[in-house]
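Subject: Structure for you to look at

Hello,

Here is the structure I said I would pass on. Please open it first, then read the notes below it.

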Amino acid sequence: MERLPLFAALSAAAVFATGAWVFAETLEDTIFIPLDDPAIQYSQQPSNDPVAVLEKRLESGKAKLDYSPDGWGYLPSVLKQLGINQDSQILVFSRTSIQTDHISPRTPRAIYFNDDAAVGYVQRGDELELTGLDAQRGVYLYTLDTVKSDAPRFGTREDCLRCHQGPVTLGVPGLMISSVHPNTSGPRESHGGAFMTDDRIPIAERWGGWYVTGTTGKQHHYGNNIALADPIHPGGPAGEDTQNLTSLAGFLDTSKYLVPTSDVVALMTLEHQSRMTNLLVRIGWDTRIALHKAKGGNMDDATSAKLDSEIGQLATYMLFANEAPLTSPIKGVSSFTRTFAQRGPRDRQGRSLRDFDL
């Protein structure tokens with residue numbers, strides 16, 4: 001089976017089926033883990049995610065955010081400070097953000113990401129939207145006002161957990177990639193009129209509400225179909241004119257964005273990384289809670305068996321064992337495929353978990 005590689009979600013930074021669907025349903029049917037659980041203390045303890053670290057550097061004067069006057073504001077400087085490449089840009093026009101009034105097919109939201117942070121940008125938006133991944137406590141959400149300030153600061157946004165902590169994130173604060181479909185009925189996880197996607201979902205059912213640049217051959221998808229802009233009342237299926245696009249010039253003014261692409265390989269990478277992050281965070285929380293309840297002793301057999309099962313299913317997802325097969329080669333149009341792999345590390349034979357098989 002052709003498949004994407006296991007990549008940096010396996011690094012120390014990323015606390016980020018036969019059994020896969022069973023596992024998903026089991027975790028997604030589990031009640032939320034309280035943020036103030038004594039084994040977690042999500043809000044009580046300071047985060048050490050990249051955005052929180054940058055905030056501390058700003059407060060101490062060790063870092064400074066530059067303001068760009070061309071409409072992008074703090075975006076280029078924030079990306080540079082967080083080590084996020086512009087070629088990771090993907091564009092989403094479905095209204096599934098806290099800044100829905102500014103989002104449309106002509107003004108999609110841009111998302112940029114690396115292994116442990118992501119930044120969302122909306123034209124003429126009120127704020128940048130950010131996520132940071134803490135190696136112990138998982139995903140934290142932030143905003144940064146777009147108005148120029150003498151002392152720009154990131155603000156935590158636990159109100160965003162109304163969407164970012166739920167069944168689709170396995171009951172912990174997490175990440176999600178959703179697709180708007182012409183027919184929204186079905187058993188999968190829903191988010192308004194959309195459902196969550198990852199590498200287990202056939203490409204034919206992905207990317208409604210997203211722009212997609214790159215080629216997928218005969219594998220059609222819902223991307224680039226502006227009739228799907230409304231997640232509650234989506235329009236009809238995609239036509240041939242929405243497939244295998246290498247330019248978005250006919251859809252929007254790409255000069256308003258840092259790069260002119262919404263790269264298919266970047267989108268597939270973020271899809272896998274999002275669920276991988278949620279799985280690792282959830283299992284980490286379950287483990288810490290179990291150890292706390294054991295009060296320094298051994299876990300009972302039932303708890304150990306449950307965690308062993310979860311870890312086994314995690315490995316299944318890591319290895320793409322239930323990935324929907326690729327029936328045609330995938331090719332992006334930005335430099336993302338190259339720059340992502342270049343970050344390594346590599347073994348003595350030159351191999352890296354970042355290498356793609358597309």
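**What was found**

Val 78 is buried, with a relative accessible area of 0%; buried means under 20% relative accessible area, exposed over 50% and partly exposed in between, with a 1.4 Å probe and protein chains only. This is a predicted model, in which local features need pLDDT of at least 70 and side-chain atom pairs count only at pLDDT 80 or more, while totals for chains, interfaces and linings use all residues. Residues are numbered from 1 along each chain as its sequence is written, and side-chain values use heavy atoms, with hydrogens and water left out.

**Val 78 and helix α3**

Val 78 is found in helix α3, which covers residues 75-82. Helices (H or I, at least four residues) and strands (E, at least two) are DSSP runs, numbered from the N terminus. Which residues touch Val 78, leaving aside its neighbours within four places in sequence? They are Leu 65, Val 119, Leu 128, Leu 130, Leu 144 and Phe 154, where contact means heavy atoms within 4.5 Å. The C-alpha atoms of Val 78 and Tyr 67 are separated by 9.6 Å, and the two residues are eleven apart along the chain.

The buried residues of α3 are Leu 75, Ser 77, Val 78, Leu 79 and Leu 82. Their cover includes α2 (50-60), β2 (109-113), β3, β4, β5 and β6 (154-156). After α3 comes Gly 83, which has a positive phi near 70 degrees.

**The sheet**

Six strands form an open sheet in the order β1-β2-β3-β4-β5-β6, and the pairing is antiparallel. Two strands pair if DSSP finds at least two bridges between them. In general, strands of a sheet pair through backbone hydrogen bonds, either parallel or antiparallel. The edge strands here are β1 (90-92) and β6, each of which pairs on one side only. On average, neighbouring strands of this sheet are turned by 25 degrees against each other, direction ignored. Axes are lines fitted to C-alpha atoms, for helices over the stretch in contact, and angles run from 0 to 180 degrees between N-to-C directions.

Two helices lie across this sheet. α2 lies across β3, β4, β5 and β6 and runs at about 110 degrees to β4. α3 lies across β2, β3, β4, β5 and β6 and runs at about 175 degrees to β3.

Going along the strands:

- β1 and β2 run antiparallel and are joined by three bridges; Leu 91 stands opposite Ala 110 in β2.
- β2 is mostly covered, with five of its five residues buried. Arg 109, Ile 111 and Phe 113 point one way from β2, while Ala 110 and Tyr 112 point the other way.
- β2 and β3 are antiparallel, with four bridges, and form a hairpin with three residues between them. Ile 111 stands opposite Gly 120 in β3.
- β3 (residues 117-121) and β4 run antiparallel and are joined by four bridges. Their hairpin has five residues between the strands, and Arg 124 in the turn has a positive phi of about 55 degrees. Val 119 stands opposite Leu 130 in β4.
- β4 and β5 (residues 138-145) pair in the antiparallel sense over eight bridges, and a hairpin joins β4 to β5 through three residues.

**Glu 127 and strand β4**

Is Glu 127 buried or exposed? Glu 127 is buried, with a relative accessible area of 13%. It lies in β4, residues 127-134. The bridge partner of Glu 127 in β5 is Asp 145. Leaving aside neighbours within four places in sequence, the contacts of Glu 127 include Ile 98, Gln 99, Thr 143 and Arg 157.

Eight of the eight residues of β4 are buried, so β4 is largely enclosed by the rest of the structure. Glu 127, Glu 129, Thr 131 and Leu 133 point one way from β4, and Leu 128, Leu 130, Gly 132 and Asp 134 the other way.

**Helices α5 and α6**

The axes of α5 (residues 264-294) and α6 (residues 301-318) come within 11 Å and cross at roughly 165 degrees. α5 and α6 are therefore roughly antiparallel to each other; angles under 35 degrees count as roughly parallel, over 145 as roughly antiparallel, 65 to 115 as roughly perpendicular and the rest as oblique.

Regards
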